[in-house]
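These are my notebook entries from looking through one structure. I wrote down what I looked up and what I found.

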Amino acid sequence: MEKRIRIDEAQKKRVELRLHTNYSAEDGILDISEAIRRAKAWGMNALAVTDHLVVQAFPDAHREVADDPDFKVIYGVEAHFMDDQRDIILNGQGVFFDEKQEYVAFYMATTGYSVKDCRIIGIDAVRMDASGNEIGCFTRLVNPEVEIPDYAEVLSKITNDMVRDLPTIESVLPDFLEFAKGAILVTEENERVAGFLIRNCENMNIPCSFAIVYTDFLRPILFPDMDISQLDTLDYRFGEEFFDTDGPFWVSKEIASEFRYLLRIMKRKGISSADEINRMGHEETNYTRYARVFRGSTILVKNEVGLDNLYGLISKHHASIPVSQILKHREGLLLGSGTDLGQLYDALSAGADDDEIARIVELFDYLEIQPFGRVVHPIRTEAQWPGAREEWKKTIREIIALGEEFGKPVVAVGDVHFLDPEDAVYQAIIHEGYSAPGWDVREGKKLKIHVAEGETVLSNEMRRKAPRYFRTTEEMLKEFDFLDPELARSSLPYAGIRFQRMEMQKKPVVEV
């Protein structure tokens with residue numbers, strides 16, 4: 001079967017600022033030379049190469065354009081940023097773990113992922129004394145006043161019939177706050193749980209100044225000799241006994257069980273205050289173990305100084321780069337906000353306050369948005385999450401508004417991993433063989449390839465990855481046709497054009 005070659009008929013061409021080659025291990029399948037030739041055939045004047053934390057494609061890209069002064073390669077990487085600017089214990093100033101201090105391990109079940117748009121459907125909590133002994137429980141279902149989606153029912157074991165005639169959050173939340181009064185709150189790394197609490201308190205004009213401990217951040221500080229797999233095993237140990245508990249709630253008991261153990265370790269180590277924990281967390285040997293890693297941010301090289309700084313950051317940190325080090329060595333670099341796995345998407349979906357959003361936006365030089373099919377939500381398909389597309393549109397509009405407010409360019413990127421849509425099958429085969437944590441190859445989502453009458457039929461998992469192909473200008477415009485046409489045509493696909501004017505003259509490698 002003859003392969004259909006797409007063409008770019010737009011008079012004004014876009015610039016792709018996010019592209020992975022076959023040097024992005026077990027992910028990209030694109031040859032950089034082939035990508036550059038396609039970009040030239042479409043009349044584009046520049047292309048970025050941004051592999052996962054590696055720069056091996058730079059020499060190939062340079063050789064491909066060495067004799068063409070009219071085409072520019074923008075060198076960069078997709079990087080994982082570690083937010084080492086944060087505290088392990090929120091609002092922990094002046095908080096002590098003394099003989100009178102009590103704790104409340106809590107969990108909130110919700111209708112979905114977004115703190116701004118979803119509702120609480122249940123609160124479960126365990127109150128503990130200073131030694132970690134259970135002294136009280138709080139378990140209440142909540143009427144969200146909206147239908148609970150099917151996927152939320154499955155995850156929470158809470159059905160619409162169970163909550164339809166129950167009190168709303170306006171009645172339940174004050175009762176929970178009274179139950180937790182005077183205690184330190186304890187939850188897992190999931191800041192959305194705390195986010196739902198804080199946002200609902202704000203909506204009801206109720207002060208919420210609890211100190212909040214995240215056990216997943218605390219664990220590596222207390223066990224510095226354990227590697228990640230050992231820490232994960234420790235976490236599983238405390239949840240295993242509760243996992244098969246009947247009914248909608250068991251997570252708070254898991255959290256309480258783990259924190260009870262961590263509390264004993266803190267006392268054994270002589271740690272008596274939240275300030276001590278936060279100071280330990282900001283030490284370099286520790287934040288590399290606890291700091292939350294946000295994947296998918298972009299670093300582009302602007303000039304020769306930036307190239308040297310990029311090489312230095314990758315050489316020293318490779319897998320995950322602390323934000324403090326990026327700020328220290330950011331001269332000559334441009335930072336992009338990244339994918340839905342990055343800080344900005346995460347903060348918006350978690351309903352972070354304006355100050356936190358501003359802190360994140362100010363870190364970046366430009367804000368990235370992506371086509372809907374590329375965005376990876378916790379619930380992956382529209383069938384499972386009917387509101388996913390509308391939530392994506394809302395997030396896109398929020399990012400554009402932030403760009404206008406803070407004077408940051410907003411760039412539409414394709415997160416390219418292969419050249420044409422039909423090439424998705426090859427990436428899916430690679431992912432099937434990889435099957436590492438984070439790739440969804442569990443039962444029911446295994447790769448399935450059927451060949452009938454010369455046509456390859458892609459499984460649902462491959463179709464989810466299919467949008468990662470190299471888009472023409474018109475194809476990218478079509479992805480954002482819900483926006484004001486003038487805005488879409490004047491800005492988003494073309495915002496990358498300004499990056500053509502990079503000052504980079506030095507060869508990315510020394511040829512011998």
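Where is asparagine 205 found? I located asparagine 205 in the loop between α6 (191-203) and β8 (212-214). Helices (H or I, at least four residues) and strands (E, at least two) are DSSP runs, numbered from the N terminus.

Before going on, I noted the ground rules. This is a predicted model, in which local features need pLDDT of at least 70 and side-chain atom pairs count only at pLDDT 80 or more, while totals for chains, interfaces and linings use all residues. Residues are numbered from 1 along each chain as its sequence is written, and side-chain values use heavy atoms, with hydrogens and water left out.

**Entry: positive phi in loops**

I looked up the phi of asparagine 205 and found a positive value of about 55°, although this residue is not a glycine. Asparagine 205 counts as exposed because its relative accessibility is 70%.

Leucine 53 is another residue other than glycine with a positive phi, near 60°. I found leucine 53 in the loop between β1 and α2. Its relative accessible area is 9%, so leucine 53 is buried.

**Entry: helix α1 and the segment before it**

In helix α1 (residues 32-41), I listed Ile32, Ser33, Ala35, Ile36, Arg38 and Ala39 as buried. What covers these buried residues includes β1 (46-52), α2 (57-65) and β2 (72-82). Contact here means heavy atoms within 4.5 Å.

At the start of α1, a side-chain oxygen of aspartate 31 comes to within 3.0 Å of the backbone nitrogen of serine 33. I count a polar contact as a pair of N or O atoms within 3.5 Å; within protein, one must be able to donate a hydrogen and the other to accept it, and residues adjacent in sequence count only if both atoms are side-chain atoms. Just after α1, glycine 43 has a positive phi of about 85°.

Aspartate 8 sits in the segment before α1. Is aspartate 8 buried or exposed? I found 8% relative accessibility, so aspartate 8 counts as buried. Its side chain reaches the backbone nitrogen of alanine 10 at 3.1 Å. Leaving out residues up to four places away in sequence, aspartate 8 touches Lys13, Trp42, Met44, Thr472, Thr473 and Glu474.

**Entry: helix α12**

I checked the span of helix α12 (residues 304-317). At 1.5 Å a residue, its 14 residues should span 20 Å, and its end C-alpha atoms are 20 Å apart, which agrees. The expected span is 1.5 Å times one less than the number of residues.

Which residues of α12 are buried? I noted Gly306, Leu307, Asn309, Leu310, Leu313, Ile314 and His317. Seen down the axis of α12, the buried residues fall within an arc of 165°, so they line one face of the helix. The arc is taken from the directions from the helix axis to the C-beta atoms. An α-helix has 3.6 residues a turn, so residues three or four places apart point the same way. The exposed residues Ser315 and Lys316 are on the face of α12 turned away from its buried side.

At the N-terminal end, asparagine 303 caps α12, with a side-chain oxygen 3.2 Å from the backbone nitrogen of valine 305. After α12 comes histidine 318, whose phi is positive, near 50°.

**Entry: cores**

A nonpolar core is a set of buried Ala, Val, Leu, Ile, Met, Phe, Trp, Tyr and Cys residues joined through side-chain atoms within 4.5 Å. The largest has 60 residues, of which Phe81, Ile299, Ile396 and Phe480 touch the most other members. Helix α16 (residues 388-406) gives the largest share of this core, six residues. I found another core apart from it, of 58 residues, including Val115, Ala211, Ile212 and Ile277.

**Entry: cysteines**

How many disulfides are in the whole structure? My search found zero. A disulfide is a pair of cysteine sulfur atoms within 2.5 Å. For cysteine 208, the closest cysteine sulfur is in cysteine 201, 4.1 Å away, which is too far for a bond. Cysteine 208 has a relative accessible area of 21%, so it is partly exposed.

Methods:
Buried means under 20% relative accessible area, exposed over 50%, partly exposed in between (1.4 Å probe, protein chains only).
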